[in-house]
Amino acid sequence: MGSLGDCATRRTRILKNHLCHRHSSETVRSLDSNACLSYSPPELNEKQDFDTKDMRQLLDAHHIEDRDWLFGVVRQSKLFNPRERGGRVFVSPDYNQSMEQQREMTMRRIGYLLERGVFDGWLTGKGPEAELRKFAAFEVLGMFDHSLAIKLGVHFFLWGGAIQFFGTNRHHDKWLRNTESFAIKGCFAMTELGHGSNVRGIETVTTYDLNTEEFIINTPCESAQKYWIGGAAKHATHTIVFSQLNIGGKNEGVHAFITQIRDADGNVCPNIRIADCGHKIGLNGVDNGRIWFDKVRIPRENLLNSVADVSPDGKYLSAIKDPDQRFAAFLAPLTCGRVNIAVSAVYISKVGLAIAIRYALSRRAFSVESSGPEVLLLDYPSYQRRLLPLLSKTYAMSFAGNFLKMLYVKRTPDSIKTLHVVSSAFKATFTWHNMRTLQECREACGGQGLKTENLVGHLISEYDVQSTFEGDNNILMQQVSKSLLGEYLASQKKNKPIKSFGLDHMNSPSSVFSSQFSTTSMRSSQFQINMFRLRERDLLNRFATKVSECQAKGKGKEYAFFLNHQLADDLGRAFTDRTILDTFIEAEANIPAGSLKDALGLVRSMYALICLEEDAAFLRYGYLSTESAAAIRTEVAKLCGELRPHALALVNSFGIPDTFLSPIAYNWIDANSWSELKH
């Protein structure tokens with residue numbers, strides 16, 4: 001007991017001294033001199049070795065003035081929810097609004113943009129110039145709000161695009177101008193409850209009534225209900241229905257039909273039932289709905305007939321006799337959606353990186369020396385390692401996205417297959433990259449990344465859907481590998497060189513690499529592209545061999561694919577990485593010697609080497625030794641340090657106005673001050 005009593009007495013004395021202690025004047029002076037943190041704009045201390053306007057021209061590639069005009073159009077209206085923080089005005093949707101309010105705001109914003117002529121020529125304009133102008137506007141609006149972009153994408157690119165590409169003059173004349181003016185509001189009814197990526201398996205059935213010259217569309221079972229149809233729940237007046245076409249008891253496969261689902265007053269049409277899909281993890285400004293068709297009759301002329309038609313007397317007509325080729329022709333025009341999604345993902349990665357890197361250039365934490373100043377977040381090598389490789393990948397994908405857009409706007413019948421493969425590969429890879437980038441940016445911003453107004457966290461839920469719609473990413477990558485295999489086997493069968501998909505490198509002997517990797521060799525674009533080609537060549541050979549072995553044992557081709565899905569995944573990634581690097585090298589080659597080219601050389605090397613480091617295939621299949629892999633890892637760390645001084649200039653080159661970023665990208669102290677709260 002005595003020892004316990006002594007212990008209690010001692011604790012009491014310590015507490016008394018602590019509570020009653022009068023600080024010496026020296027201690028008080030020390031506390032008073034500890035000044036509060038203040039915000040210092042990174043522009044005051046960060047160098048800029050190259051012209052960011054020139055870099056932006058390379059990244060955006062087209063319609064810079066139109067983009068800046070549209071940025072201004074958005075800034076001018078209170079419809080885009082402007083709010084002042086830290087002396088700057090920012091715009092972004094109010095995600096605290098109810099689902100109904102968000103949907104209403106999306107339509108009001110569309111009305112505002114329509115009045116200002118933003119959509120002029122989106123469907124009636126012709127040629128690559130008109131299409132690229134539309135892409136530029138879509139990219140700008142997507143940086144403001146994904147719901148706005150998707151609402152427009154469904155109306156113009158899916159509904160409008162289907163009429164353009166599946167329809168003929170009779171459809172163009174009747175529907176396109178009214179679509180461009182929003183006199184009618186379109187949606188796109190392909191996905192069903194029971195079938196998403198497997199479009200060929202959809203269960204909606206359409207028959208032809210010879211007596212009335214009408215088609216009859218029917219939902220035969222619950223799994224055939226149209227699902228996730230953007231615009232259907234509230235606003236759309238018409239839809240494109242994808243359905244099996246049954247003529248005279250024979251199923252002719254999937255076809256597309258124009259069908260009215262609401263009248264001009266918004267009332268649902270007879271024999272049609274519509275339900276709301278409800279609240280989602282993101283995109284609540286889009287009214288996704290479900291549709292049932294109860295033997296709905298439509299005129300014969302509403303069949304979109306560029307690929308196939310039905311005559312008044314009920315004969316099925318098509319110049320394409322092979323059902324597989326006919327089905328492919330139906331789906332080919334839908335690549336536009338994948339192009340949009342892929343490029344959109346790159347721009348949202350830019351938004352996340354611009355916010356996170358600007359914050360990291362003004363926020364400090366901890367000291368590396370006793371009594372030394374706190375260190376900027378981006379001066380920590382570990383922090384650089386988190387963000388700068390993602391920045392380099394975003395640059396690489398930006399050049400690749402421009403390549404994809406040009407491939408699309410200059411498409412020809414001969415290039416459709418390449419467009420399908422490249423758009424599938426890029427859509428999957430870019431959207432996966434976007435999610436990874438946003439998550440890393442959210443974590444890199446610490447607690448501030450959790451605030452909705454700072455965007456980086458909330459954008460994750462808004463853009464998560466990109467990995468699913470317009471084709472599940474994993475399925476798309478499987479399609480890429482199957483296409484590569486088909487091209488490879490066809491060339492072998494004909495004993496001719498491979499020409500498609502950039503695989504012509506397989507017609508030459510494989511490169512030989514030194515066992516010693518130096519900085520000079522690892523940063524050589526020739527070394528980098530040769531390494532990527534080595535991986536792609538070997539994986540395609542392995543995949544072909546494994547599939548052939550399975551078939552030799554009596555297995556079907558699809559079953560052989562299933563058994564070798566891991567090789568297919570590796571091959572899809574190898575093709576995509578190599579194609580992206582090809583586009584980067586081509587973009588870099590056109591730049592004259594100087595600081596801009598030097599900076600891009602660092603970015604390109606970072607992209608190439610981080611791909612070499614991250615893909616286990618390089619070690620798994622023996623393309624790299626463990627010593628070489630270690631050398632590459634060391635080189636990546638060096639590149640992080642060399643890219644660090646260019647970080648601000650690289651994100652400023654994105655050309656995103658501060659209005660479209662968030663408070664933590666600028667004066668985050670003032671933005672969180674008490675006076676700001678009162679204001």
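Reader: To begin, where does K496 lie?

Author: This is a predicted model, and in it K496 lies in the loop between α14 (473–494) and α15 (519–522).

Reader: Why is K496 called exposed?

Author: The relative accessible area of K496 is 57%, and exposed means over 50%, so K496 is called exposed.

Reader: Which residues form the positive surface patch that includes K496?

Author: The patch is formed by K417, K493, K494, K496 and K499. Lys counts as positive, and patch residues must have over 30% relative accessible area and no salt bridge, with like charges joined within 9 Å. With its 57%, K496 therefore passes the area requirement.

Reader: What does the record say about E470, and where is E470 found?

Author: The UniProt annotation "active site", from an unreviewed entry, covers E470, and such annotations may be inferred rather than shown by experiment. In the model, E470 is found in the loop between α13 (458–463) and α14.

Reader: Why is E470 counted as partly exposed?

Author: Its relative accessibility is 23%, whereas buried means under 20% and exposed over 50%, with partly exposed in between; E470 therefore counts as partly exposed. The backbone of E470 also has a positive phi of about 60°, although E470 is not a glycine.

Reader: Which other residue has a positive phi, and is that residue buried or exposed?

Author: Phi of F182 is near 65°, again a positive value in a residue other than glycine. F182 is found in the loop between α8 (169–180) and β3 (186–189), and because its relative accessible area of 12% is under 20%, F182 is called buried.

Reader: What makes the contact between E453 and R85 a salt bridge?

Author: The side chains of E453 and R85 meet at 3.0 Å, N to O, and the rule asks for a side-chain nitrogen of Lys or Arg within 4 Å of a carboxyl oxygen of Asp or Glu, so the pair qualifies. The pair links distant parts of the chain, with E453 in the loop between α12 (416–444) and α13 and R85 in strand β1 (residues 82–85), 368 residues apart. E453, at 16%, is buried, while R85, at 27%, counts as partly exposed.

Reader: How do you know that K405 and E139 form a salt bridge?

Author: Their closest N and O atoms are 2.8 Å apart, and the limit is within 4 Å, so K405 and E139 form a salt bridge. This pair too links distant parts of the chain, since K405 is in helix α11 (residues 381–409) and E139 in helix α6 (residues 127–144), 266 residues apart.

Reader: Why are K405 and E139 called buried?

Author: K405 has a relative accessibility of 1% and E139 a relative accessible area of 5%; buried means under 20%, so K405 and E139 are called buried.

Reader: What makes D577 and R535 a salt bridge, and which helices hold them?

Author: The closest N and O atoms of D577 and R535 are 3.1 Å apart, which is within 4 Å, so this pair also qualifies. D577 is in helix α18 (residues 565–589) and R535 in helix α16 (residues 525–552), 42 residues apart, and D577 is buried, as is R535. Elsewhere, salt bridges that share partners join R56, D60, R67, D68, E139 and K405 into one network.

Reader: How many salt bridges does this rule give?

Author: The count comes to 45 salt bridges.

Reader: Which residues make the nonpolar surface patch, and why is L563 called partly exposed?

Author: Y559, F562 and L563 make a patch of about 330 Å², and L563 is found in helix α17 (residues 557–563).

Definitions and conventions. Residues are numbered from 1 along each chain as its sequence is written. This is a predicted model: local features need pLDDT of at least 70, side-chain atom pairs count only at pLDDT 80 or more; totals for chains, interfaces and linings use all residues. Side-chain values use heavy atoms; hydrogens and water are left out. Patches are made of residues with over 30% relative accessible area and no salt bridge: like charges are joined within 9 Å, nonpolar side chains (Val, Leu, Ile, Met, Phe, Trp, Tyr) within 5 Å. Accessible areas come from the Shrake-Rupley method with a 1.4 Å probe; for residues, only the protein chains shown count as cover. The place of a charge is taken as NZ of Lys, CZ of Arg, CG of Asp or CD of Glu. Helices (H or I, at least four residues) and strands (E, at least two) are DSSP runs, numbered from the N terminus. Buried means under 20% relative accessible area, exposed over 50%, partly exposed in between (1.4 Å probe, protein chains only).
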